[in-house]
Amino acid sequence: MFLKTFKSSLKATFLVLGLSLSFSVLAQENPDYGSIHGNYQIDAQYYKPDSLIGAPVVPEKMLSNAYGIINYSRGKFSAGVRYEAYNNVMQGFDTRYKGQGITNRFARYQDKLLDITIGNIYDQFGSGLLFRTYYEPGLLYDNSLDGVRVISNPYKGLTFKGLVGKQRSFFTVGPGIVRGFDGEMNLKEMLDSAVSSDFPTIILGGSFVSKYQPDQDPNFNLPENVGSYGGRLNIIKGGFNFFAEYVYKENDPSANNSSVVNGKTYYSYKFGDGIFVSTSYAIQGLSFLLQVKRIDNMSYRSDRDATLQNLMINYLPATTKQHTYLMPAFFPYATQPAGEFGTMGEIQYKIKKGTLLGGKYGTEITLNYSQANGLKQIHVDDSTTTMTLYKTNYGEIGNLYYHDAFIEINKKFTKQWKGTFMYANQFYNRNIVQFGSPNAGYANILSNIVVLDLTYKYKSNSSIRLETQGFFSDNPSNPNAGSWLTGMLEWSPSTHWFVAILDQYNYSNPSDALQFHYYLGTAGYTSGPHRITLSVGKQRAGIFCVGGVCRNVPASNGVAISITSSF
Amino acid sequence: MKIKLVTGLFILGVFMTACDKISNPIQNASNSVDTATYVRKVLLEDYTGHFCGNCPPAAEVASQLVESNHGKVIAIAVHAGFYAKLYPPDYVTSFTTAVGNDWDGTQGFNVSGIGNPNGMVNRKSYGGSGVVQKETKWPTSVSLALQDQYVLGLTISKTYNASSRILNSTVKAKFKIAYSNNVKLNLVLVEDSIISEQKDYRKNPDLVTNYLFMHLLRAGINGSWGSTLKDAPIAAKDSVSLDFNNFAVDSKFNDNHLYLVAFAYDASTKEILQAEKLKIR
């Protein structure tokens, strides 16, 4: 019996060894065969309907999202594919992700003269105000450009980039053609020996992006080509960094700037523009950040009828902090492309070790304030002629959409104990941010949020972490009205395992019947490149955002498994 | 080096020309009158719900298209999904139907899964934007759909007993051209002029208690996916007649405002090939 077991386990060991050997041969940077790298992620959830919390009946009972990326590179050549499968797509994602297939493939050849890519392209001009394509699997956001891109460095410090293609839209591409050109000049590199080494890095850039979509509208002369252009400046010297970009978009009537009055659609033929300025300064133990953004009519998509997160050509940078703790991220802000004035300032300071407040290990303090307002739209009475419909003035801002003031203190007390404390005060204009209409009938949410996160490390690789959070508001509107308390206890006995239990308690919901506990138990195992997580319990309805892009997630109750691997 | 620079600037120049500045957004009304004897009518489905505050503008677009196209566009408002559920105490009248739920569901066209308001024009993608379209796209899609090839004609006839509320209907179809896919026929009941509650974000407060619902889907007469009209191969001039007898009209419906909507669709592409309507009394 023992021998049999031994034999089979020996066999298995050989098999595993053989497989891993063949993989490691491939995965090495071998000049003859090139290298293969990739990663997989599989998420699946079994859904149990729960009418109390509003978890809907899922006819399939189990839903799953999965993707795998395989990239090959050898010398100057690289290529890759991504396979995605949604059978059917999990709750909270766009249901047009249905089925499976190869959604991304590219081949790239890169040498000193030219860098050419064909296939699905991810790239960005400047801060992305005019053009940015990216993939965010957590959001199922993918606006890759399926086409060609040529990058050339004709002179040191000088880069030209040109691209053309159509954007991914679920399992196909959108109807519009996107063309882009970007030039960037790094003065310091160009002048090279002519300037001293303490000459600041100055980068000048200019972009032009245009989209083409046929006009078949029976009522309007829609622009088939919509052009946009912009310039940027970046100055870097030591810990100082200044970045500014201005972009301008020609008339772009679209679903995003249209309104319907008595059954008649009115598009705005007004131009769009945007400015983004970011300045930071850092010296040892201290850093400042100041960002200002003003955008007006800057929804820019390769299909004028597209909505939600679909077919966006540009990316409007978020000038609010993206929180990782649950309660400060309860009502997250999303950039409003129709019009927004946003500012953010942040100071980070590390109190030195050995001082009264610094203690033995020092103390890190972050102070941050961010605010977003709408723009004041002034009505223009031209609905029968030029149809711009409104104008805005620099210097005039509109209603408050969001603010977030927080202080975060990170402190290590002893070798065993460390903690994070956070207090935040947030304002959230729910009508605008969540429902896109000033009259949506929801109250603004003003909240005070407290987070206390304590970690006790009782052995070198073992710890217990306790997180307590409170979200205090008199928000009268469901879902998720009132105040919340959250507690989480996480035990990591080794680097491989963790077990956690989370409770989110809507203790002061104005409706007694909705004062739920949302319990969620999670266990995870990590080994080398693999990570497996299993969770059981309830998840509340909410909003999930990445980089100012958000989606609604309905409540759910069930069992979820997640596997990630990379090689 | 210079050549590369010049090439770069040349490319830039080419791109710079690629934008159209429009100074006259509104098109002159075209005088082209459709003189075709064979009119391919268009079915416009508006997926909505009484709790959807952004939906009333889309309903207005649908009504406007029905009005301006003089009988060539038939609209159906389908209440389904999250926004069509009951939300007491204000939104307590259900306008959902089994047929509408199936059309809207994951096995159907998934409309509310994408978001409301949204709709479909002949259940076909025009201009590559997908089958499910926002209301800003409907006018374009309708004008393109009106130019689609005429495949078949439909005529509806009925007998309706107002006291027993029993409806017998007959749909006759005649193909003008040969057609290579199977064709199915759906027959539904639609009601105009219902007054009930609707959320409208343009109003403050947003609860409109006397909202006028038009062309509301009420019931399916032959199920969600209809009956076989004719299987391929279909020759030009083929004709078919289907009877749907003894349908009991729900007493909640106002039969003065009820009409039958019949539509024939391609069983494989789901594209709607023809639509017709007839008042039941």
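**Close-up views of chain B and its contact with chain A**

**View 1. Where chain B meets chain A.** In this predicted model, the contact draws 48 residues from chain B and 51 residues from chain A; two residues are in contact if their C-beta atoms, placed from the backbone, lie within 7 Å. On the chain B side, the elements giving two or more residues are α1 (2–16), α2 (56–68), α4 (111–114) and α5 (138–145). Of these, α1(B) supplies the largest share, seven residues. Helices (H or I, at least four residues) and strands (E, at least two) are DSSP runs, numbered from the N terminus. By residue type, this side of chain B divides into 18 nonpolar, 20 polar and 10 charged. Here Ala, Val, Leu, Ile, Met, Phe, Trp, Tyr, Cys and Pro count as nonpolar, Asp, Glu, Lys and Arg as charged, and the others, Gly among them, as polar.

**View 2. Chain B as a whole.** Chain B holds five helices and 13 strands, and its C-alpha trace spans about 90 × 55 × 40 Å along its principal axes. Of its 281 residues, 46% count as buried (20 or more other C-beta atoms within 10 Å of the residue's own, with C-beta atoms placed from the backbone).

**View 3. A look along α2(B).** This helix has 13 residues and reaches 18 Å from its first C-alpha to its last, close to the 18 Å expected at 1.5 Å a residue; the expected span is 1.5 Å times one less than the number of residues. Its buried residues include Pro56(B), Pro57(B), Val61(B) and Leu65(B). Just after α2(B), you will find His70(B) with a positive phi of about 45 degrees.

**Notes.** Residues are numbered from 1 along each chain as its sequence is written, and chains are lettered from A and ligands numbered from 1 in the order in which they are written. As this is a predicted model, local features need pLDDT of at least 70 and side-chain atom pairs count only at pLDDT 80 or more, while totals for chains, interfaces and linings use all residues.

Notes
A residue is buried if 20 or more other C-beta atoms lie within 10 Å of its own, exposed if 12 or fewer, and partly exposed in between; C-beta atoms are placed from the backbone.
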